[in-house]
Amino acid sequence: MPALITNDPLLALDAVVFDTETTGLDPAQARLLQIGAVRLVAGHPDEDAPFEIKVNPGAPIPPASSAIHGLRDSDVADAPAFPEAYAGFRAFAGEAVLIGHNIGFDLAILAREGKLAGLPPPANRVLDTRLLAEFCFPRLGGFTLDALASHLGLAVTGRHDALADARLTARLFLALLPALREKSIRTFGEAEAACRQLTHALEGYARAGWVEPVRPTVSEGALARIDAYPFRHRVKEIASLSPVILPSTATLGDATERMAKQGISSVFVGFEGGETGIVTERDVIRQIGTNGPATLAKPLSIIATRPLLTVPAEAFIYRAIGRMERRQIRHLGVVDEEGRLVGALSARDLLRLRASDALALGDAIDTANTPADLARAWGRLPGVIARLRVEGVSATDCAGVISREIGALTRRSALEAEKQLESRGLGPAPACYATLVLGSAGRGESLLVPDQDNATIHAGMAENEAWFLAHGVAMTELLHEIGIPLCKGGVMASNPAWNGHAEAWLNRIRSWTETTTPDDLLAVDIFYDFRAVHGDAGLAAALASEARSRAHGSRAMVKLLAEQLGHWSPPLGLFGRFRTEEDGRIDLKKGGLFPIVASARCLALSHGIPARNTAERLAALRAGKIGADSDLSAMQRAQAVLMECILDQQLADIAKGQPPSSRVEVSSLGPEQREALKEALKSLSAVPEMTQDLLFSG
């Protein structure tokens, strides 16, 4: 099993759950009698290959102990001694995390037996279900296996047999996951940190002579350097954006001639009904090699490979690499946001770009088969981002990668929700629809603390609302399960206010633009950054066009949006000192990013600029000479500094098992970073006034 990564999701954990039976309860005196263990593979128990072994303790078993577990001297007389039994257990467990109930006792037994035999204790990271249960249910009367099984409705059979208890503990661990999620504990590192908080329980373990079941965080070593180019650049930058499309009636000879004349390695083939296929130079060679030159007269309709596999032009290159590697292909079609073919991407275009496990991240999301697979793919993201930062990739580029993967996860969740509804007898989607991501994910500016901001627009009628709301509930629950928490403000497709047919959405937009109230502002802020990630892109594009058009003509709405900035001031005090909270941290999302994002959005809406991304909005304002170039440039630089500080703090917090946030520990910044942050915040002081001045200029 692979070594544990602190950010591995509990839902998809590779682990070994084990239990022991002993001659007594004093770890300083007791001897080992039995080890039982089961694997969790990607969060699922492997019931078919358990581990169980009895151990000859070399000493009589007290009758009082036999009365509990049923093991007598005769049962272990022919069993191996500890060294042989321990070797079998170590081979079974490998480097996987070890899970047990009151595992500190079991670890103390293994440590004592190892000391007697001259063998080292296990060095695996561990989790204790007893501590996790107390964290979830602090007011519960007791935390024994029996008490917790009763509380959670788990069936109990064969208690005080090591293998049976290991199986029960595995089911207990899985049953605790929803309660842990409700307390924002989703990863191994967060679970470790939660256990560390139970100091009274840990003190009791120490008094009993047990091994403390929370190990110090293991250093992952120097982060490997990876090729950062595919994470910085998009497909459209290297693809050929002049696709050659031949009719299906054209011949292989026609395709060969066109490829030779234009120096390309493939042509697309158009079929009736709008379907597209592809013929590559390898297809030509294969056909001639098999059938001879006569095959050049064959129509492309019987040679082309279809359906055509595609990648969005706006996708980062690493997603194309992962898709080619998984499918073992050398060509992809390139499509725009509405799914229209706009180019071709070949392996030649990717020459000199190296693929790695990190580059397969996007395809891992696209091809996951279970929620646990999706959670595991999502859990890899912080590690990828950490390596990119080591490589020197900017925080803004990293945010683009994160946002794209949030979009990919939302798309997969929408597809899985469709399957769920069909399996429940509700049938397929009754009309075409589009799934939207809003806010920072829509702008391409998400960092590592996302919650769900999503919506659904459909082309159905009022009688279809129930299906689409059920779909929204299933989608958002799946996203919550795999690691993207529910939005506390309810901005999700499970909420009727964010789910509806096209006419309902137009009515909402009319309400916002014609009779805007302060209560509408949060909705407007999030909505106007939306991006379609699944479904009918044309439906979403029409909504975006109408929304922008109405916003451009609504002075009242845009003015009210801009007035929000009047309540903001930089978190700097007397003599330019940082105004921190009691723990020495400062919220740089509220204190710094907010005025940049809000100002860019207001000015883009008031001047009819279609860009969603903040940097692109500011660049468009500069290009249109709307405002002083120096002010807009300062906002762009400030955004980069702020995002860098936040992202690096999030990576540091994740490594410690702490939930990441937008709050940055000022004392952790180096002198240059502090000065850059201070200058960035100072430069934003004039943003509210500047925004008001530029709203309707020109």
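This is a predicted model: local features need pLDDT of at least 70, side-chain atom pairs count only at pLDDT 80 or more; totals for chains, interfaces and linings use all residues.
Visitor: How are residues numbered, and which atoms are used for side-chain values?
Guide: Residues are numbered from 1 along each chain as its sequence is written.

Visitor: How many aromatic pairs does a search of the whole structure find?
Guide: Rings of Phe, Tyr and Trp (its six-membered ring) pair if their centres lie within 6.5 Å; planes under 30 degrees apart count as stacked, over 60 as edge-to-face and the rest as tilted. The number of aromatic pairs found in the whole structure is 16.

Visitor: What is the angle between the planes of Tyr-205 and Trp-210?
Guide: The ring centres of Tyr-205 and Trp-210 are 4.9 Å apart. The pair counts as tilted, with an angle between the planes of 45°.

Visitor: Is Tyr-205 buried or exposed?
Guide: Buried means under 20% relative accessible area, exposed over 50%, partly exposed in between (1.4 Å probe, protein chains only). Tyr-205 has a relative accessible area of 5%, so Tyr-205 is buried.

Visitor: Which residues form a cluster with Trp-498 through ring pairs?
Guide: Phe-527 and Phe-530 form a tilted pair, 5.2 Å centre to centre. Ring pairs link Trp-498 into a cluster with Trp-505, Trp-512, Phe-527, Tyr-528 and Phe-530.

Visitor: Which residue lies over the face of Trp-505?
Guide: A charge sits over a ring if NZ of Lys or CZ of Arg is within 6 Å of the ring centre and within 35 degrees of the ring normal. At 4.5 Å from the ring centre of Trp-505 lies Arg-508.

Notes: Side-chain values use heavy atoms; hydrogens and water are left out.
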